[in-house]
Amino acid sequence: MESQVLKEIAVARGKTIAQVCLRWVYEQGVTLLVKSFNEERMKENLDIFGWELSEEDSKKINEIPQSRGFLGDALVSNDGPFQSEAELWDGEL
C-alpha cells in the first residue's frame, strides 16, 4: 500500500489505492473476498466495476516486486502432509 506506482495510478484514476489493488486482482481472474463493516469502505469496494486499468497500468503493477505475507512454515510438520517447505511450496509466486 506504500507503493508509489499504486499511488500514482490511484490519483490518475480518482480511486483509492485499495480500489486499484482490488481491480487489478479482479482483472487477473482471481476470486475476491473482501470484508468490511465500514459502510463507506463497502461502497468503495463495489466501485471497482465500471472502469478498467490500462495495459500500461497493469504492466506497472505487474513489475512491483511480490512477496508472500504468510510463509507457510506453520503448515510444515514431520507428521503432516508437508514435511518440508520444499514440499509445501515450489518457489513460484
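Biologist: Which residues lie nearest the centre of the largest pocket?

Modeller: In this predicted model, Leu6, Cys21, Trp24, Ile61 and Gln66 lie nearest the centre, among 13 lining residues. The pocket has a volume of about 230 Å³.

Biologist: What makes a residue part of that lining?

Modeller: A lining residue has an atom within 4 Å of a point of the pocket. Helix α2, residues 17-27, gives the most to this lining, with 5 residues.

Biologist: How many of the lining residues are nonpolar, polar and charged?

Modeller: The lining has 10 nonpolar, 2 polar and 1 charged residues.

Biologist: Why is Lys15 called buried?

Modeller: Its relative accessible area is 18%, and buried means under 20%, so Lys15 is called buried. Lys15 sits in the loop between α1 (4-13) and α2.

Biologist: What is Lys15 in contact with, leaving aside its neighbours within four places in sequence?

Modeller: Ala10, Val20, Asp47 and Trp51. Contact here means heavy atoms within 4.5 Å.

Biologist: Which residues of α2 are buried, and what covers them?

Modeller: Ile17, Gln19, Val20, Leu22, Arg23 and Trp24 are buried. The cover includes α1, α3 (39-46) and α4 (55-62). Just after α2, Gly29 takes a positive phi of about 85 degrees.

Biologist: Where does UniProt place the feature "domain: NADP-dependent oxidoreductase"?

Modeller: The unreviewed UniProt entry places that feature at residues 4-64. Over residues 4-64 the chain is 61% helix and 0% strand, with the end C-alpha atoms 10 Å apart.

How values were computed:
Residues numbered from 1 in each chain as written. Predicted model: local features only at pLDDT ≥ 70, side-chain atom pairs only at ≥ 80, totals over all residues. Heavy atoms only, no water. 1 Å grid on protein atoms, 1.4 Å probe; cavity = no way out; pocket = protein on both sides within 12 Å on 5 of 7 lines; lining within 4 Å. Points joined across faces, edges and corners; volume = space filled by probe spheres on them. Helix = DSSP H or I, 4+ residues; strand = E, 2+ residues; numbered from the N terminus. Nonpolar A, V, L, I, M, F, W, Y, C, P; charged D, E, K, R; others polar. UniProt positions renumbered as here; feature names shortened; annotations may be inferred. Buried < 20%, exposed > 50% of the residue type's maximum accessible area, 1.4 Å probe, protein only.
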